[in-house]
Amino acid sequence: MIGPTQMARRVAIFGATSDIAICIARRYARSGARLVLIGRDPQRLDAHAADLKLRGAAAVVCQQADFAQLAELSDMVRFAWQAFAGFEVAVVAYGSLPEQASVQTSAERTVAALALNFVSPAVVLGELAPLFATQKTGVLAVITSVAGDRGRKSNYVYGSAKGGLQRFVQGLRHRLYADGVTVLDIRPGFVATKMTAHLRTSGPLWATPEKVAADIVRAINNRRTTLYTPRFWRLIMTIVRLAPGPIFHRSSL
Amino acid sequence: MLGAIEDEAVLAFGCGRSYGDVALNPGGALIDCSRLDRFIDFDPATGILECEAGVRLADILEIICKPEAHGSSWLLPVTPGTRFISVAGAIANDVHGKNHHGFGTFGRYLLAFDLLRGDGSYLTCSPTENQALFAATIGGLGLTGLILRARLQLRRVPGLAVESEQIRFDTLDDFFDLAAESDRDWEYTAAWIDSLATGKRIGRGIYARARHRAGASSALPASTPSFGMPVKSPFSLATPMTVRAFNALYWRKLGLKRRVSKVCGYASALYPLDAVDHWNRAYGPAGFFQFQSVVPSAAARSATAEMLRLTAASSEGSMISVLKVFGDLDSPGMLSFPMPGITLALDFPNRGAATCAHLAKLENIAIEAGGRIYPAKDSLMTATSFRRGFPRYETFLRHIDPRFSSGFARRVGLLEAAQTRPGT
């Protein structure tokens, strides 16, 4: 059982080559954790593994997986679980940010975006749930998004997938509460990463993945259940959620 | 990789710690290399480190250079006055530090690097492979291609802590005596100079020397500064009055003592300015100019005295004024800055044309004395001064990658010269 301030020893990261995930992995590496990195590109995973070992990770296991292949997710989770016979922390960090204009005109692209951002992580969490429940401890940390807090015209396909994931995580938290398993819903705001590199990524609303990762690891250690990162997004999203329709609909958000 | 940016000339951007325009590319594009920051391999038996080129020296110090049994450790053989720079930046400026007299420049410890050229070719360069491009890229200001990863030889130190001494001296001659006496037994040496002292007192200051202490370990320096200037000051805090007060106070910082000794971590001896993040913001929106020259030994005393005399007589005051003797170890790069002689670094709050005119005079003295100006710190050097200071630039032109450019290269005429070079 991990205490509130003690770092976890075994950590699995699904979507390990995302910029936020790398920064989380580096923090755990520094405390000597054992890491399972699950991602699509084996070369990048290997390069990160070498880096994480030099940064202090006790062991790093890489596992190639395509999160869009829904039928394979169950085997993927079981295989990851075997690497170190379980883990105290699982971080679900993958996703894709499609361009709204391109998804809203294509049924195929809408299905793909909903599948990767909602169906796939829901399946992964569903597979992890009984394993964590049997273990009677641990933290399931899921990166959703502030975009899931209210549907808006500029990104509602992505936003609805993340919003659905928020509800799924909420229910899962309820289910696993009795087993002593914490389920953390991480809602980052704008983060300057590969996923957002096509946008203008400077200004007061933009955060670095290092900052966001620091917040996430702290929230995991403190067994928090919902994290807005950086913190000011909680206030912004409260306003966005509460804005009356007639006003909200005239905005260009 | 480079194909994504069509037509635009590019330049690698690391930590943005160069003072002038060597890492700026107005009219072109910058490639953000901050995510090129993975360690690849480290062999604790040999001290050979392989890493991606955007790894910062601070990361190497924090993650690799940890004290072992009996306090000994691997350490960067050469490091400049800040550890918040990238490995590629250290190569591209062939940086030096307070131990130049014993260790030379950063490039001397470079075993190899991989370079991506604008035509898509990918070259490993080392002292035995693509030697010319190796020498051109060390100190090559990023103009020869994109450095992707590097292999470095770290050095062994008997302890991470250093014993350091600060000694007050009254004249420029005293500085040269102290330097001659110290450079054999002390690996880190440099002197702060009171830039406002006049007459017989010209060149007075505080000589700082340090050496590793066997068996004495020290806490690792933080990977980020613990406190900083949160915002840019709306006006410069470096006014003629505060500069004068700073110099007067710093000169008296040893109190009544002539010499102060202590044992401390290497960070406080090597990186005093790294303690404050964004210290440059204190200079306000107009900023400041850095100036660093080196003058060969023969003319060093008279040229240094003249530069200090001019500075004290002008209304331009410098706060962090540093004097150091460079050793005679060869610099491996075609455009490496250090040469045997005396280097002087000054900083001036930007007060417009008057400051620029003063810097032009200093530049002229250094060049006339057979010296050169440090591109990493320069914003004003003329094309003529560059060519006179760096006579190997003609050989260097051959290795400039036509897809690369920088503000500095444009300013000193390097790009123009590369395009009109016969045979291309």
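This is a predicted model: local features need pLDDT of at least 70, side-chain atom pairs count only at pLDDT 80 or more; totals for chains, interfaces and linings use all residues.
**View 1. Strand 18 of chain B and its pairing with strand 16.** Strand 16 of chain B, residues 288-296, pairs with strand 18 of chain B in the antiparallel sense, and 9 bridges join the two. Within this pairing, B:Ser293 has B:Leu344 of strand 18 as its bridge partner. Strand 18 covers residues 341-349 of chain B, and because 9 of its 9 residues are buried, the strand is largely enclosed by the rest of the structure.

**View 2. Strand 17 of chain B beside strand 18.** Strand 17 of chain B, residues 322-326, also pairs with strand 18 of chain B in the antiparallel sense, here over 5 bridges. In this view B:Phe326 can be found opposite B:Gly341, which belongs to strand 18 of chain B.

**View 3. Helix 6 of chain A and its surroundings.** Helix 6 of chain A runs through residues 156-176, and its 21 residues reach 29 Å from the first C-alpha to the last, close to the 30 Å expected at 1.5 Å a residue. Its buried residues include A:Tyr158, A:Lys162, A:Leu165, A:Phe168 and A:Leu172. Among the elements that cover the buried residues of helix 6 are helix 5 (107-135) and strand 6 (182-188) of chain A.

**View 4. The contact between chain A and chain B.** Chain A and chain B each bring 6 residues to the contact. On the side of chain B that touches chain A, strand 3 (residues 39-43) of chain B gives the most, with 4 residues. The residues on this side of chain B comprise 4 nonpolar and 2 charged, with no polar ones.

Notes: Residues are numbered from 1 along each chain as its sequence is written. Chains are lettered from A and ligands numbered from 1 in the order in which they are written. Two residues are in contact if their C-beta atoms, placed from the backbone, lie within 7 Å. Ala, Val, Leu, Ile, Met, Phe, Trp, Tyr, Cys and Pro count as nonpolar, Asp, Glu, Lys and Arg as charged, and the others, Gly among them, as polar. A residue is buried if 20 or more other C-beta atoms lie within 10 Å of its own, exposed if 12 or fewer, and partly exposed in between; C-beta atoms are placed from the backbone. Two strands pair if DSSP finds at least two bridges between them. The expected span of a helix is 1.5 Å times one less than its number of residues.
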